[in-house]
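Thanks for making the time this morning. I would like to walk you through one structure, taking it a piece at a time, so please have a look at it before I go on.

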There are 2 protein chains.
Amino acid sequence: MTYCVGVSLDAGLVLTSDSRTNAGIDNVSTYSKMYQCETTPDRFLVILSAGNLATTQAVIQQVKRDVHEGKPRNINNMAYLADVADYLGEILVNLIRKHNEQGGFIADATLVLGGQIKGREPNLYMIYPQGNYITSSSETPYLQIGESKYGKPVLDRFITRDASLEDAAICSLISMDSTMKSNASVGPPIEVLIYKRDQFTTPKHYKFDAEDPYLLAIRQEWAHHLNQAFRSMPRLEESQAQPNSYLRAL
Amino acid sequence: MTYCVGVSLDAGLVLTSDSRTNAGIDNVSTYSKMYQCETTPDRFLVILSAGNLATTQAVIQQVKRDVHEGKPRNINNMAYLADVADYLGEILVNLIRKHNEQGGFIADATLVLGGQIKGREPNLYMIYPQGNYITSSSETPYLQIGESKYGKPVLDRFITRDASLEDAAICSLISMDSTMKSNASVGPPIEVLIYKRDQFTTPKHYKFDAEDPYLLAIRQEWAHHLNQAFRSMPRLEESQAQPNSYLRAL
(Lines give C-alpha, C1' and ligand atoms only; values in the text may rest on other atoms or scores of the structure.)
Protein backbone atom coordinates (compact mmCIF):
# COMPACT_ATOMS: atom_id res chain seq x y z
CA MET A 1 0.00 0.00 0.00
CA THR A 2 0.86 3.65 0.07
CA TYR A 3 0.15 6.85 1.89
CA CYS A 4 0.44 10.23 0.19
CA VAL A 5 -1.03 13.57 1.18
CA GLY A 6 -1.09 16.90 -0.61
CA VAL A 7 -1.92 20.19 1.11
CA SER A 8 -2.95 23.37 -0.70
CA LEU A 9 -2.38 26.54 1.32
CA ASP A 10 -2.49 30.28 0.73
CA ALA A 11 1.29 30.12 0.96
CA GLY A 12 1.76 27.28 -1.54
CA LEU A 13 1.75 23.48 -1.64
CA VAL A 14 3.13 20.71 0.56
CA LEU A 15 3.30 17.17 -0.83
CA THR A 16 4.31 14.12 1.21
CA SER A 17 4.71 10.48 0.24
CA ASP A 18 5.98 7.19 1.59
CA SER A 19 8.06 4.72 -0.45
CA ARG A 20 6.84 1.22 0.33
CA THR A 21 5.34 -0.94 -2.40
CA ASN A 22 4.25 -4.53 -2.15
CA ALA A 23 2.93 -7.22 -4.43
CA GLY A 24 1.72 -9.52 -1.70
CA ILE A 25 3.11 -9.24 1.81
CA ASP A 26 6.21 -11.27 0.90
CA ASN A 27 7.24 -9.02 -1.97
CA VAL A 28 8.02 -5.62 -0.50
CA SER A 29 10.07 -3.02 -2.37
CA THR A 30 11.02 0.62 -2.12
CA TYR A 31 9.93 3.07 -4.80
CA SER A 32 9.47 6.81 -4.67
CA LYS A 33 5.87 7.84 -5.29
CA MET A 34 6.65 11.50 -5.89
CA TYR A 35 7.44 12.68 -9.41
CA GLN A 36 8.38 16.26 -10.13
CA CYS A 37 7.89 16.77 -13.86
CA GLU A 38 10.59 18.46 -15.92
CA THR A 39 8.65 21.35 -17.44
CA THR A 40 9.07 24.70 -19.11
CA PRO A 41 9.92 27.42 -16.54
CA ASP A 42 6.38 28.83 -16.55
CA ARG A 43 5.01 25.91 -14.55
CA PHE A 44 5.60 23.57 -11.66
CA LEU A 45 4.06 20.09 -11.57
CA VAL A 46 4.33 17.23 -9.09
CA ILE A 47 2.49 13.91 -9.20
CA LEU A 48 1.94 11.59 -6.22
CA SER A 49 0.79 8.05 -6.95
CA ALA A 50 -0.96 5.19 -5.16
CA GLY A 51 -1.99 1.83 -6.53
CA ASN A 52 -0.55 -0.52 -9.10
CA LEU A 53 3.12 0.28 -9.65
CA ALA A 54 3.14 -0.83 -13.30
CA THR A 55 0.25 1.52 -13.99
CA THR A 56 1.74 4.55 -12.22
CA GLN A 57 5.15 4.03 -13.84
CA ALA A 58 3.45 3.79 -17.24
CA VAL A 59 1.55 7.05 -16.58
CA ILE A 60 4.79 8.91 -15.82
CA GLN A 61 6.46 7.32 -18.83
CA GLN A 62 3.64 8.50 -21.09
CA VAL A 63 3.77 12.05 -19.66
CA LYS A 64 7.50 12.26 -20.38
CA ARG A 65 7.16 10.72 -23.82
CA ASP A 66 4.45 13.16 -24.88
CA VAL A 67 6.77 16.06 -23.98
CA HIS A 68 9.77 14.44 -25.67
CA GLU A 69 7.86 13.75 -28.87
CA GLY A 70 6.32 17.23 -28.90
CA LYS A 71 2.75 15.90 -28.92
CA PRO A 72 0.04 18.55 -29.43
CA ARG A 73 -1.22 17.74 -25.93
CA ASN A 74 1.54 17.64 -23.37
CA ILE A 75 2.06 19.08 -19.89
CA ASN A 76 4.01 22.05 -21.22
CA ASN A 77 1.32 23.50 -23.47
CA MET A 78 -1.77 23.26 -21.28
CA ALA A 79 -3.18 26.54 -20.05
CA TYR A 80 -4.86 25.26 -16.87
CA LEU A 81 -3.86 22.81 -14.16
CA ALA A 82 -7.31 21.22 -14.56
CA ASP A 83 -6.34 20.37 -18.15
CA VAL A 84 -3.30 18.54 -16.83
CA ALA A 85 -5.54 16.65 -14.37
CA ASP A 86 -7.88 15.75 -17.21
CA TYR A 87 -4.97 14.60 -19.40
CA LEU A 88 -3.57 12.43 -16.57
CA GLY A 89 -7.06 10.97 -16.06
CA GLU A 90 -7.26 9.99 -19.72
CA ILE A 91 -3.84 8.32 -19.67
CA LEU A 92 -4.80 6.51 -16.46
CA VAL A 93 -8.12 5.21 -17.78
CA ASN A 94 -6.58 4.05 -21.06
CA LEU A 95 -3.80 2.18 -19.27
CA ILE A 96 -6.17 0.53 -16.79
CA ARG A 97 -8.47 -0.50 -19.67
CA LYS A 98 -5.56 -1.90 -21.67
CA HIS A 99 -4.26 -3.98 -18.76
CA ASN A 100 -7.76 -5.20 -18.04
CA GLU A 101 -8.33 -6.24 -21.66
CA GLN A 102 -5.01 -8.02 -22.07
CA GLY A 103 -4.57 -9.39 -18.55
CA GLY A 104 -8.13 -9.64 -17.29
CA PHE A 105 -7.48 -7.70 -14.11
CA ILE A 106 -7.98 -4.16 -12.88
CA ALA A 107 -4.60 -2.52 -12.22
CA ASP A 108 -6.05 0.52 -10.45
CA ALA A 109 -4.15 3.63 -9.49
CA THR A 110 -5.01 7.02 -8.02
CA LEU A 111 -2.97 10.20 -8.44
CA VAL A 112 -2.57 13.55 -6.72
CA LEU A 113 -1.44 16.40 -8.95
CA GLY A 114 -0.04 19.53 -7.34
CA GLY A 115 1.29 22.51 -9.20
CA GLN A 116 1.01 26.01 -10.57
CA ILE A 117 0.96 27.55 -14.06
CA LYS A 118 2.23 31.14 -14.34
CA GLY A 119 -0.54 33.73 -13.96
CA ARG A 120 -2.79 31.27 -12.09
CA GLU A 121 -3.17 30.02 -8.54
CA PRO A 122 -1.34 26.95 -7.25
CA ASN A 123 -3.74 24.05 -6.93
CA LEU A 124 -4.20 20.41 -6.03
CA TYR A 125 -6.17 17.63 -7.76
CA MET A 126 -6.98 14.05 -6.94
CA ILE A 127 -7.41 11.90 -10.07
CA TYR A 128 -9.49 8.74 -9.74
CA PRO A 129 -8.93 5.46 -11.63
CA GLN A 130 -12.09 6.37 -13.60
CA GLY A 131 -10.29 9.42 -14.98
CA ASN A 132 -12.36 12.09 -13.24
CA TYR A 133 -10.91 14.33 -10.56
CA ILE A 134 -11.64 16.62 -7.64
CA THR A 135 -9.77 19.60 -6.29
CA SER A 136 -9.20 20.79 -2.74
CA SER A 137 -11.22 23.64 -1.20
CA SER A 138 -10.75 26.22 1.53
CA GLU A 139 -12.71 23.94 3.90
CA THR A 140 -10.81 20.81 2.82
CA PRO A 141 -7.33 21.99 1.94
CA TYR A 142 -5.80 18.52 1.78
CA LEU A 143 -6.18 15.43 -0.41
CA GLN A 144 -5.03 11.95 0.57
CA ILE A 145 -4.48 8.75 -1.42
CA GLY A 146 -3.71 5.21 -0.24
CA GLU A 147 -3.97 4.30 3.43
CA SER A 148 -5.62 7.59 4.36
CA LYS A 149 -7.63 6.86 7.51
CA TYR A 150 -4.96 6.43 10.19
CA GLY A 151 -3.43 9.82 9.48
CA LYS A 152 -6.62 11.80 8.87
CA PRO A 153 -7.49 12.89 12.45
CA VAL A 154 -4.28 14.92 12.85
CA LEU A 155 -4.81 16.65 9.49
CA ASP A 156 -8.39 17.49 10.49
CA ARG A 157 -7.06 19.10 13.66
CA PHE A 158 -4.29 21.29 12.29
CA ILE A 159 -4.48 21.91 8.55
CA THR A 160 -6.18 25.16 7.56
CA ARG A 161 -5.68 27.23 4.40
CA ASP A 162 -3.73 29.88 6.32
CA ALA A 163 -1.27 27.45 7.93
CA SER A 164 2.40 28.01 7.18
CA LEU A 165 4.17 25.72 4.73
CA GLU A 166 6.40 24.44 7.51
CA ASP A 167 3.48 23.70 9.85
CA ALA A 168 1.74 21.80 7.06
CA ALA A 169 4.92 19.82 6.40
CA ILE A 170 5.30 18.93 10.09
CA CYS A 171 1.61 17.99 10.33
CA SER A 172 1.95 15.80 7.23
CA LEU A 173 4.97 14.08 8.81
CA ILE A 174 3.01 13.40 12.01
CA SER A 175 0.15 12.06 9.89
CA MET A 176 2.65 9.82 8.08
CA ASP A 177 4.18 8.68 11.39
CA SER A 178 0.75 7.70 12.80
CA THR A 179 0.07 5.75 9.61
CA MET A 180 3.41 3.92 9.70
CA LYS A 181 2.84 3.05 13.37
CA SER A 182 -0.49 1.35 12.59
CA ASN A 183 0.11 -0.07 9.10
CA ALA A 184 3.13 -2.10 8.03
CA SER A 185 2.40 -1.48 4.33
CA VAL A 186 3.45 2.18 4.60
CA GLY A 187 7.14 2.86 5.10
CA PRO A 188 10.19 5.09 4.63
CA PRO A 189 11.93 6.86 3.01
CA ILE A 190 9.42 9.67 3.49
CA GLU A 191 9.59 12.49 0.95
CA VAL A 192 8.30 16.00 1.57
CA LEU A 193 8.17 18.69 -1.09
CA ILE A 194 7.47 22.29 -0.14
CA TYR A 195 6.47 24.63 -2.94
CA LYS A 196 6.19 28.35 -2.20
CA ARG A 197 3.62 29.99 -4.48
CA ASP A 198 4.92 31.82 -7.61
CA GLN A 199 8.35 30.27 -7.11
CA PHE A 200 8.16 27.72 -9.96
CA THR A 201 11.69 26.39 -10.24
CA THR A 202 13.11 25.62 -6.82
CA PRO A 203 10.83 23.75 -4.43
CA LYS A 204 12.41 22.36 -1.27
CA HIS A 205 12.68 18.60 -1.31
CA TYR A 206 13.28 16.54 1.84
CA LYS A 207 13.89 12.81 1.98
CA PHE A 208 13.85 11.12 5.37
CA ASP A 209 15.14 7.57 5.82
CA ALA A 210 13.87 5.36 8.66
CA GLU A 211 16.69 6.48 10.95
CA ASP A 212 16.79 10.12 9.90
CA PRO A 213 17.41 12.21 13.04
CA TYR A 214 14.68 14.72 12.19
CA LEU A 215 12.05 12.05 11.53
CA LEU A 216 13.06 10.33 14.79
CA ALA A 217 12.84 13.65 16.64
CA ILE A 218 9.32 14.31 15.30
CA ARG A 219 8.29 10.77 16.27
CA GLN A 220 9.78 10.91 19.76
CA GLU A 221 8.56 14.42 20.58
CA TRP A 222 5.05 13.62 19.39
CA ALA A 223 4.97 10.37 21.37
CA HIS A 224 6.32 12.16 24.44
CA HIS A 225 3.75 14.96 24.29
CA LEU A 226 0.88 12.58 23.59
CA ASN A 227 1.92 10.54 26.57
CA GLN A 228 1.87 13.62 28.78
CA ALA A 229 -1.52 14.60 27.33
CA PHE A 230 -2.89 11.13 28.01
CA ARG A 231 -1.67 11.21 31.62
CA SER A 232 -3.44 14.54 32.19
CA MET A 233 -6.88 13.56 30.88
CA PRO A 234 -9.82 14.13 33.25
CA ARG A 235 -10.61 10.96 35.23
CA LEU A 236 -13.86 9.04 35.11
CA GLU A 237 -16.00 9.58 38.19
CA GLU A 238 -17.99 6.82 39.84
CA SER A 239 -20.98 9.13 39.77
CA GLN A 240 -20.95 9.19 35.97
CA ALA A 241 -21.81 5.50 35.83
CA GLN A 242 -25.35 4.56 34.84
CA PRO A 243 -27.46 2.73 37.40
CA ASN A 244 -28.73 0.05 34.98
CA SER A 245 -26.81 -3.17 35.02
CA TYR A 246 -28.45 -4.83 32.03
CA LEU A 247 -27.95 -2.82 28.91
CA ARG A 248 -30.47 -4.20 26.50
CA ALA A 249 -33.66 -6.16 26.71
CA LEU A 250 -34.51 -6.76 23.06
CA MET B 1 -21.19 2.56 10.01
CA THR B 2 -20.01 1.80 13.48
CA TYR B 3 -16.98 1.90 15.70
CA CYS B 4 -16.57 -0.50 18.63
CA VAL B 5 -13.44 -1.47 20.52
CA GLY B 6 -12.87 -4.09 23.20
CA VAL B 7 -9.79 -4.16 25.43
CA SER B 8 -8.64 -7.18 27.43
CA LEU B 9 -6.39 -6.31 30.37
CA ASP B 10 -4.91 -8.11 33.36
CA ALA B 11 -7.41 -6.11 35.41
CA GLY B 12 -10.48 -6.97 33.34
CA LEU B 13 -12.30 -5.81 30.22
CA VAL B 14 -13.26 -2.42 28.75
CA LEU B 15 -15.83 -2.30 25.94
CA THR B 16 -16.76 0.85 24.04
CA SER B 17 -19.31 1.45 21.28
CA ASP B 18 -20.92 4.26 19.32
CA SER B 19 -24.65 4.36 18.48
CA ARG B 20 -25.02 5.61 14.92
CA THR B 21 -26.59 3.39 12.29
CA ASN B 22 -27.37 4.27 8.72
CA ALA B 23 -29.06 2.67 5.75
CA GLY B 24 -27.77 5.12 3.18
CA ILE B 25 -26.55 8.54 4.22
CA ASP B 26 -30.12 9.92 4.34
CA ASN B 27 -31.40 7.30 6.76
CA VAL B 28 -29.50 7.75 9.99
CA SER B 29 -30.73 6.34 13.30
CA THR B 30 -29.51 5.74 16.81
CA TYR B 31 -29.16 2.22 18.18
CA SER B 32 -27.04 0.88 20.98
CA LYS B 33 -24.49 -1.66 19.75
CA MET B 34 -23.64 -3.02 23.19
CA TYR B 35 -25.63 -5.92 24.60
CA GLN B 36 -25.01 -7.28 28.06
CA CYS B 37 -26.58 -10.72 28.15
CA GLU B 38 -28.78 -11.72 31.08
CA THR B 39 -26.99 -14.82 32.33
CA THR B 40 -26.66 -17.12 35.29
CA PRO B 41 -24.50 -15.52 38.02
CA ASP B 42 -21.46 -17.65 37.15
CA ARG B 43 -20.76 -15.67 33.99
CA PHE B 44 -20.60 -12.23 32.43
CA LEU B 45 -21.13 -11.75 28.68
CA VAL B 46 -21.24 -8.62 26.53
CA ILE B 47 -21.62 -8.47 22.76
CA LEU B 48 -20.62 -5.51 20.56
CA SER B 49 -21.91 -5.46 17.00
CA ALA B 50 -21.06 -3.86 13.66
CA GLY B 51 -22.72 -4.35 10.31
CA ASN B 52 -26.26 -5.01 9.18
CA LEU B 53 -28.68 -4.00 11.95
CA ALA B 54 -31.31 -6.63 11.03
CA THR B 55 -28.64 -9.31 11.29
CA THR B 56 -27.22 -8.16 14.64
CA GLN B 57 -30.68 -7.74 16.17
CA ALA B 58 -31.59 -11.24 14.97
CA VAL B 59 -28.42 -12.67 16.55
CA ILE B 60 -29.28 -11.16 19.93
CA GLN B 61 -32.89 -12.32 19.57
CA GLN B 62 -31.72 -15.87 18.91
CA VAL B 63 -29.32 -15.82 21.89
CA LYS B 64 -32.16 -14.73 24.21
CA ARG B 65 -34.62 -17.21 22.74
CA ASP B 66 -32.26 -20.17 23.17
CA VAL B 67 -31.96 -19.31 26.88
CA HIS B 68 -35.69 -18.74 27.27
CA GLU B 69 -36.57 -22.04 25.59
CA GLY B 70 -33.93 -23.94 27.54
CA LYS B 71 -32.15 -25.17 24.40
CA PRO B 72 -29.39 -27.73 25.01
CA ARG B 73 -26.91 -25.18 23.64
CA ASN B 74 -27.35 -21.76 25.18
CA ILE B 75 -25.01 -19.15 26.66
CA ASN B 76 -25.70 -20.34 30.22
CA ASN B 77 -24.51 -23.90 29.84
CA MET B 78 -21.30 -23.46 27.88
CA ALA B 79 -18.10 -24.21 29.77
CA TYR B 80 -15.76 -21.98 27.78
CA LEU B 81 -16.02 -18.47 26.37
CA ALA B 82 -14.67 -19.87 23.08
CA ASP B 83 -17.77 -22.08 22.91
CA VAL B 84 -19.94 -18.98 23.16
CA ALA B 85 -17.90 -17.36 20.35
CA ASP B 86 -18.36 -20.48 18.25
CA TYR B 87 -22.10 -20.53 18.96
CA LEU B 88 -22.44 -16.84 18.01
CA GLY B 89 -20.48 -17.55 14.82
CA GLU B 90 -22.89 -20.33 13.88
CA ILE B 91 -25.95 -18.13 14.47
CA LEU B 92 -24.32 -15.36 12.45
CA VAL B 93 -23.43 -17.56 9.47
CA ASN B 94 -26.89 -19.14 9.38
CA LEU B 95 -28.62 -15.74 9.45
CA ILE B 96 -26.39 -14.27 6.76
CA ARG B 97 -26.93 -17.34 4.59
CA LYS B 98 -30.70 -17.19 5.10
CA HIS B 99 -30.90 -13.49 4.16
CA ASN B 100 -28.68 -14.13 1.16
CA GLU B 101 -30.84 -17.02 -0.05
CA GLN B 102 -34.13 -15.23 0.38
CA GLY B 103 -33.09 -11.68 -0.45
CA GLY B 104 -30.08 -12.20 -2.69
CA PHE B 105 -27.82 -9.93 -0.70
CA ILE B 106 -25.11 -10.34 1.93
CA ALA B 107 -26.24 -8.77 5.21
CA ASP B 108 -22.84 -9.02 6.88
CA ALA B 109 -22.11 -8.37 10.53
CA THR B 110 -19.09 -8.70 12.82
CA LEU B 111 -19.22 -9.16 16.59
CA VAL B 112 -16.95 -8.68 19.57
CA LEU B 113 -17.65 -10.93 22.54
CA GLY B 114 -16.21 -9.99 25.91
CA GLY B 115 -16.78 -11.89 29.12
CA GLN B 116 -15.74 -14.31 31.81
CA ILE B 117 -16.97 -17.69 33.01
CA LYS B 118 -16.31 -18.54 36.67
CA GLY B 119 -13.03 -20.41 37.19
CA ARG B 120 -11.60 -19.09 33.92
CA GLU B 121 -9.88 -15.95 32.69
CA PRO B 122 -11.82 -13.00 31.25
CA ASN B 123 -11.38 -12.91 27.49
CA LEU B 124 -12.26 -11.15 24.27
CA TYR B 125 -13.21 -12.56 20.84
CA MET B 126 -13.89 -11.07 17.44
CA ILE B 127 -16.38 -13.12 15.42
CA TYR B 128 -16.27 -12.77 11.63
CA PRO B 129 -19.26 -12.96 9.25
CA GLN B 130 -17.84 -16.35 8.17
CA GLY B 131 -18.40 -17.66 11.70
CA ASN B 132 -14.78 -18.08 12.70
CA TYR B 133 -13.16 -15.97 15.39
CA ILE B 134 -9.94 -14.66 16.87
CA THR B 135 -9.02 -13.68 20.40
CA SER B 136 -6.81 -10.90 21.71
CA SER B 137 -3.26 -11.53 22.92
CA SER B 138 -0.79 -9.94 25.31
CA GLU B 139 0.81 -8.17 22.34
CA THR B 140 -2.54 -7.11 20.84
CA PRO B 141 -4.84 -6.60 23.81
CA TYR B 142 -7.58 -4.85 21.84
CA LEU B 143 -10.02 -5.81 19.08
CA GLN B 144 -11.87 -3.30 16.89
CA ILE B 145 -14.88 -3.62 14.58
CA GLY B 146 -16.38 -1.12 12.14
CA GLU B 147 -14.51 2.08 11.25
CA SER B 148 -11.35 0.97 13.01
CA LYS B 149 -8.53 2.84 11.29
CA TYR B 150 -8.99 6.44 12.47
CA GLY B 151 -8.84 5.44 16.12
CA LYS B 152 -6.12 2.80 15.91
CA PRO B 153 -2.98 4.96 16.33
CA VAL B 154 -3.96 6.12 19.83
CA LEU B 155 -4.71 2.54 20.93
CA ASP B 156 -1.33 1.41 19.58
CA ARG B 157 0.33 4.09 21.66
CA PHE B 158 -1.28 3.53 25.04
CA ILE B 159 -3.00 0.17 25.42
CA THR B 160 -0.92 -2.51 27.11
CA ARG B 161 -2.08 -5.55 29.08
CA ASP B 162 -1.06 -3.96 32.38
CA ALA B 163 -2.94 -0.69 31.79
CA SER B 164 -5.56 0.22 34.36
CA LEU B 165 -9.24 -0.21 33.47
CA GLU B 166 -9.73 3.55 33.74
CA ASP B 167 -6.78 4.35 31.46
CA ALA B 168 -8.09 1.88 28.89
CA ALA B 169 -11.54 3.49 29.09
CA ILE B 170 -10.09 6.98 28.60
CA CYS B 171 -7.92 5.77 25.71
CA SER B 172 -10.95 4.11 24.11
CA LEU B 173 -12.88 7.40 24.44
CA ILE B 174 -10.04 9.34 22.77
CA SER B 175 -9.96 6.70 20.02
CA MET B 176 -13.73 7.14 19.60
CA ASP B 177 -13.40 10.94 19.56
CA SER B 178 -10.76 10.83 16.80
CA THR B 179 -13.03 8.54 14.79
CA MET B 180 -16.07 10.78 15.22
CA LYS B 181 -14.00 13.81 14.21
CA SER B 182 -13.00 12.20 10.89
CA ASN B 183 -16.05 10.09 10.06
CA ALA B 184 -19.66 11.28 10.12
CA SER B 185 -21.00 7.72 10.20
CA VAL B 186 -19.84 7.20 13.79
CA GLY B 187 -21.72 9.12 16.48
CA PRO B 188 -23.00 9.39 20.05
CA PRO B 189 -24.27 8.27 22.48
CA ILE B 190 -20.99 6.57 23.35
CA GLU B 191 -21.22 3.64 25.74
CA VAL B 192 -18.37 2.36 27.88
CA LEU B 193 -18.55 -0.77 29.97
CA ILE B 194 -15.85 -1.51 32.53
CA TYR B 195 -15.68 -5.05 33.85
CA LYS B 196 -13.34 -5.82 36.75
CA ARG B 197 -12.15 -9.42 36.60
CA ASP B 198 -13.96 -11.98 38.82
CA GLN B 199 -16.71 -9.47 39.53
CA PHE B 200 -19.42 -11.04 37.29
CA THR B 201 -22.58 -9.19 38.23
CA THR B 202 -21.91 -5.47 38.44
CA PRO B 203 -19.89 -3.94 35.63
CA LYS B 204 -19.79 -0.16 35.42
CA HIS B 205 -21.74 1.18 32.49
CA TYR B 206 -21.31 4.73 31.17
CA LYS B 207 -23.37 6.38 28.47
CA PHE B 208 -22.20 9.71 27.09
CA ASP B 209 -24.47 11.86 24.93
CA ALA B 210 -23.04 14.32 22.41
CA GLU B 211 -23.10 17.15 24.96
CA ASP B 212 -22.05 15.11 27.99
CA PRO B 213 -19.69 17.28 30.07
CA TYR B 214 -17.18 14.48 30.56
CA LEU B 215 -17.03 13.61 26.85
CA LEU B 216 -16.65 17.31 26.04
CA ALA B 217 -13.89 17.64 28.64
CA ILE B 218 -11.99 14.69 27.16
CA ARG B 219 -12.39 16.17 23.66
CA GLN B 220 -11.32 19.67 24.66
CA GLU B 221 -8.40 18.61 26.83
CA TRP B 222 -7.09 16.26 24.17
CA ALA B 223 -7.41 18.93 21.47
CA HIS B 224 -5.72 21.48 23.72
CA HIS B 225 -2.77 19.22 24.54
CA LEU B 226 -2.35 18.10 20.94
CA ASN B 227 -2.31 21.71 19.88
CA GLN B 228 0.44 22.46 22.39
CA ALA B 229 2.34 19.38 21.24
CA PHE B 230 2.04 20.43 17.61
CA ARG B 231 3.32 23.92 18.39
CA SER B 232 6.39 22.48 20.12
CA MET B 233 7.50 20.11 17.34
CA PRO B 234 11.11 20.51 16.14
CA ARG B 235 11.29 22.79 13.09
CA LEU B 236 12.53 21.80 9.65
CA GLU B 237 16.00 23.13 8.89
CA GLU B 238 17.01 24.47 5.50
CA SER B 239 20.04 22.24 5.68
CA GLN B 240 17.86 19.13 5.72
CA ALA B 241 16.64 19.84 2.21
CA GLN B 242 18.00 17.69 -0.58
CA PRO B 243 20.05 19.40 -3.27
CA ASN B 244 18.29 17.70 -6.20
CA SER B 245 15.56 19.73 -7.78
CA TYR B 246 14.13 17.08 -10.09
CA LEU B 247 12.93 14.11 -8.17
CA ARG B 248 12.60 11.40 -10.75
CA ALA B 249 13.95 10.73 -14.19
CA LEU B 250 12.15 7.55 -15.18
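This is a predicted model: local features need pLDDT of at least 70, side-chain atom pairs count only at pLDDT 80 or more; totals for chains, interfaces and linings use all residues.

Let me begin with strand β1 of chain A, residues 3-9, which is mostly covered, with 7 of its 7 residues buried.

Which strands does β1(A) pair with? One partner is strand β10 of chain A, residues 142-146, which runs antiparallel to β1(A) and is joined to it by 5 bridges; within that pairing, A:Val5 stands opposite A:Gln144. Another is strand β2 of chain A, residues 12-17, where the pairing is again antiparallel and extends over 6 bridges, with A:Gly6 standing opposite A:Leu15. β1(A) and β2(A) also form a hairpin, and 2 residues lie between them. As background, strands of a sheet pair through backbone hydrogen bonds, either parallel or antiparallel.

Stepping back to the whole of chain A, we find 5 helices and 12 strands, and the C-alpha atoms fill a box of roughly 75 × 45 × 40 Å along the principal axes. Of its 250 residues, 54% count as buried. If we take the contacts in chain A between residues at least 6 apart in sequence, 59% of them join residues at least 24 apart.

Now to chain B, where 5 strands form an open sheet in the order β10-β1-β2-β11-β12, with antiparallel pairing.

The loop between β9 (133-135) and β10 of chain B holds B:Ser136. Is B:Ser136 buried or exposed? Its relative accessibility is 11%, and because the cut-off for buried is under 20%, B:Ser136 counts as buried. Leaving aside residues up to four places away in sequence, B:Ser136 touches B:Ser8, B:Asn123, B:Leu124, B:Pro141 and B:Leu143.

Finally, the spaces in the model. The count comes to 1 cavity of 30 Å³ or more, and the largest cavity has a volume of about 190 Å³. It is lined by 16 residues, with A:Pro153, A:Val154, A:Ser178, B:Pro153 and B:Ser178 nearest its centre, and at least two lining residues come from each of α3 (152-158) and α5 (213-231) of chain A and α3 (152-158) and α5 (213-231) of chain B. By class, that lining has 10 nonpolar, 4 polar and 2 charged residues.

The largest pocket holds about 310 Å³ of space, and of the 18 residues that line it, A:Thr21, A:Asn22, A:Gly51, A:Asn52 and A:Leu53 are the closest to its centre. In chain A, β3 (20-22), β6 (43-51) and α1 (53-68) each supply at least two residues of this lining, which divides into 6 nonpolar, 10 polar and 2 charged residues.

How values were computed
Residues are numbered from 1 along each chain as its sequence is written. Chains are lettered from A and ligands numbered from 1 in the order in which they are written. Side-chain values use heavy atoms; hydrogens and water are left out. Two strands pair if DSSP finds at least two bridges between them. Helices (H or I, at least four residues) and strands (E, at least two) are DSSP runs, numbered from the N terminus. On a 1 Å grid over the protein atoms alone, a cavity is a set of points where a 1.4 Å probe fits but cannot get out, and a pocket is an open set with protein on both sides within 12 Å along at least five of seven lines; lining residues have an atom within 4 Å of a point. Grid points are joined across faces, edges and corners, and a volume is the space filled by probe spheres set on the points. Ala, Val, Leu, Ile, Met, Phe, Trp, Tyr, Cys and Pro count as nonpolar, Asp, Glu, Lys and Arg as charged, and the others, Gly among them, as polar. Buried means under 20% relative accessible area, exposed over 50%, partly exposed in between (1.4 Å probe, protein chains only). Contact means heavy atoms within 4.5 Å.
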